[in-house]
Every structure is written in C-alpha cells, then in structure tokens.
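Work through the following exercises with the sequence and the structure at hand. Each task is followed by a solution in steps.

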Amino acid sequence: MAELLWSLQDSQLVARFQRRCGLFPAPDEGPGEPCAGPAEGAARAPGLGHPPAAKGRGAGEPASGLRRVAVPQAYVQKYIVKNYFYYYLFRFSAALGQEVFYITFLPFTHWNIDPYLSRRLTIIWVYPFVLGLMTAVAFSTLVSLSRLYTGMHTVLDVLGGILITAILIVLTYPAWTLIDRLDSASPLFPVCVLVVPFFLCYNYPVSDYYSPTRADTTTIMAAGAGVTIGFWINHFFQLVSKPTESLPVIQNIPPLTSDLLVLGLTKFTVGIVLILLVRQLVQNLSLQVLYSWFKVVTRNKEARQRLEIEVPYKFVTYTSVGICATTFVPMLHRFLGLL
C-alpha cells in the first residue's frame, strides 16, 4: 500500500497525462534566446505553471518531470501546446474552480431562475439529487483533470480528494434534509456557519512554500458561508416566499423571450456591479484593519500571504459577497422594479 501511494505521488504520472493531452515542457530559454518548440507550428501555453513538486517521489521536480536544481520560488515552467482542444477544455474546466465562476454562475441562477435552486446548488448541489449528483460529478471530473493538466496536483491529490468527497456524501446524505431545515430554523445556525469554516481555513495544512490553494479554499468556504447566512436572513425576515412544492429544474425556467433576456441581463449587471463594489470595499477595509492590528506596512504586498492576514481578509470579504448576492442584490432589484 505504501509503495502504491508513493507511486501515485510520482510527478511522471502527471507528465505522461500532460503529454497524452498534447502538452509538452518548453525547453529552457537562455538569455536572449527565443523559445523553440519541439514541433513546427506548436505554440507556447500561457498561464500554465507551478512551483516545484511537493514531498514524495519526484520531489524537487515539477509535475512535468523536469528536474531543476536550486529553483527559485518564482520559477514557472512553460509549456508548448500541440492539442488545442484539450488546452481550451481544461482551461475552461480550471475556471470552474475559480472565483469568476462562483460570482457569476450561482448568482445568475439565484437572480434569474430560482433562489431555492441556487440554494441547493450552493449548499449540496442537488435539485433533484440525481441531477445534482450528475452535475457535481461532471464538474468535479473536469476540474480534477484540469489540475493534472496544469501540473498543480499529483494523481494522489486528485484521488484523495475524490475519496474524501465520496465518504462525506455517504455519511452526510441522510442528514441533508435536516440540515436544510435547521439552517432556516435555528437562530444559532449563522454562528456555526461562520465559526466552523473559518476554523478549518485557519488550520489549513501548511506547505513548505506559499501556495494559493489556501486562499482559494478560503474564498470558496467564505462565499458558501455568506450565501447560507443570506438565505437564513431571507427566511428569518421573510424576504423571500418559499415555494409550495419542489419542482424539477426545467419547470422553473420560464420561456425565453427578448424582454426576459433584457431583464435577466439587467438584473445580472446590476447585481455584479454591487457585488464588485462590496468586494472591493470590504477587502480594502479588512486589510487596513489587519495591517494596523499586526503593524504591517501597507505597501508590503507579500504580507497578504501571511496566515493571520490572508485567511481573515479573504473570509470576511467573500462572506460579505455571499450575503450581498443573496440578500442585498434582490432587495436592490425589488427597489428598482426589476422583480
């Protein structure tokens, strides 16, 4: 078993997957030397790179398997693309796990289709269960493969994440309905929603070098906490009427007309503008408070990567974004006569 786990950490597995998908490491460039691809007409892949591989077999190597000695932390491996179908597929898939997706797709669903559908998609990705599970599996598969394609994770990382997710689904599925009712009934639920995710993010596993994964995880957890609190506020203050019955997704989507399309785009534009304003305002305010509290120079951008600064400011910022998207944006829509 130990040998199998070590083999799954081998960076050469990722390198072989990349090559099968038409992604090849570019030769190192010397001073003033242009990058020459291994094949005529091949193009260099922008934005694909990673720090040295983590511990285990292949440590000290990037996921592409190229050895480097005394590699600086800022080094980024460049690649040559030979298959643009896989390149754009996995670049799109990688975006499904990034901030842009979470602040566009889910709010659009909430504002233009159905708030309770958005609620289920955000919290447990089921509406109904089979459709939600199929959607989650498809999205998760694309995102997982994109992590291998971009060289950001090993095979063991991906398989470990899949196993943990499967275990959590099996253990928690019987309680999903109870949890769904509890979050709208208990006045203490918002406290749990804030404390538990923040504790988990603050105790995120420490790496030997800085990695954006802690910030990304905090962003997702905080946005989910904010959305959950927003739904709790809506229910507690009766800002949204609850549907009388659970309907399939397709029946909740009205016929698409030009007027409806314009209305949807207007609501989406208004909502995104407000979200971006709230994000910028809360981010600047929280950073100023943390910089002052920890006596950090404001111009020191690397200070944002410190645990005691990165996690709190990310968590506060995106919790505010989640609350804004589910509570204040619909209120603004109602005030402007868009509902």
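**Exercise 1.** Determine which residues form a nonpolar patch on the surface, and classify Leu200 as buried, partly exposed or exposed.

*Solution.* The model is a predicted one. Step 1: the nonpolar surface patch consists of Val191, Leu194, Val195, Val196, Phe199 and Leu200, which together have about 540 Å² of accessible area. Step 2: Leu200 lies in helix α10, which covers residues 189-202.

**Exercise 2.** Describe how α10 and α14 pack, and state which residues make the contact.

*Solution.* Step 1: two packed helices are described by the angle between their axes and the distance between the axes. Step 2: for α10 and helix α14 (residues 307-335), the angle is about 145° and the axes are 10 Å apart. Step 3: the crossing of α10 and α14 is right-handed. Step 4: α10 contributes Leu194, Pro197, Phe198, Cys201 and Tyr202 to the contact, while α14 contributes Leu307, Glu308, Val311, Pro312, Phe315 and Thr319.

**Exercise 3.** Decide whether Ala225 is buried or exposed, and list its contacts beyond four places in sequence.

*Solution.* Step 1: Ala225 belongs to helix α11, residues 213-236. Step 2: the relative accessible area of Ala225 is 3%, so this residue is buried. Step 3: setting aside neighbours within four places in sequence, Ala225 is in contact with Val193, Pro197 and Phe315.

Note on methods:
Residues are numbered from 1 along each chain as its sequence is written. This is a predicted model: local features need pLDDT of at least 70, side-chain atom pairs count only at pLDDT 80 or more; totals for chains, interfaces and linings use all residues. Side-chain values use heavy atoms; hydrogens and water are left out. Patches are made of residues with over 30% relative accessible area and no salt bridge: like charges are joined within 9 Å, nonpolar side chains (Val, Leu, Ile, Met, Phe, Trp, Tyr) within 5 Å. Accessible areas come from the Shrake-Rupley method with a 1.4 Å probe; for residues, only the protein chains shown count as cover. A salt bridge is a side-chain nitrogen of Lys or Arg within 4 Å of a carboxyl oxygen of Asp or Glu. Helices (H or I, at least four residues) and strands (E, at least two) are DSSP runs, numbered from the N terminus. Axes are lines fitted to C-alpha atoms, for helices over the stretch in contact, and angles run from 0 to 180 degrees between N-to-C directions. A crossing is left-handed if the near helix is turned anticlockwise from the far one by less than a right angle, and right-handed if clockwise. Contact means heavy atoms within 4.5 Å. Buried means under 20% relative accessible area, exposed over 50%, partly exposed in between (1.4 Å probe, protein chains only).
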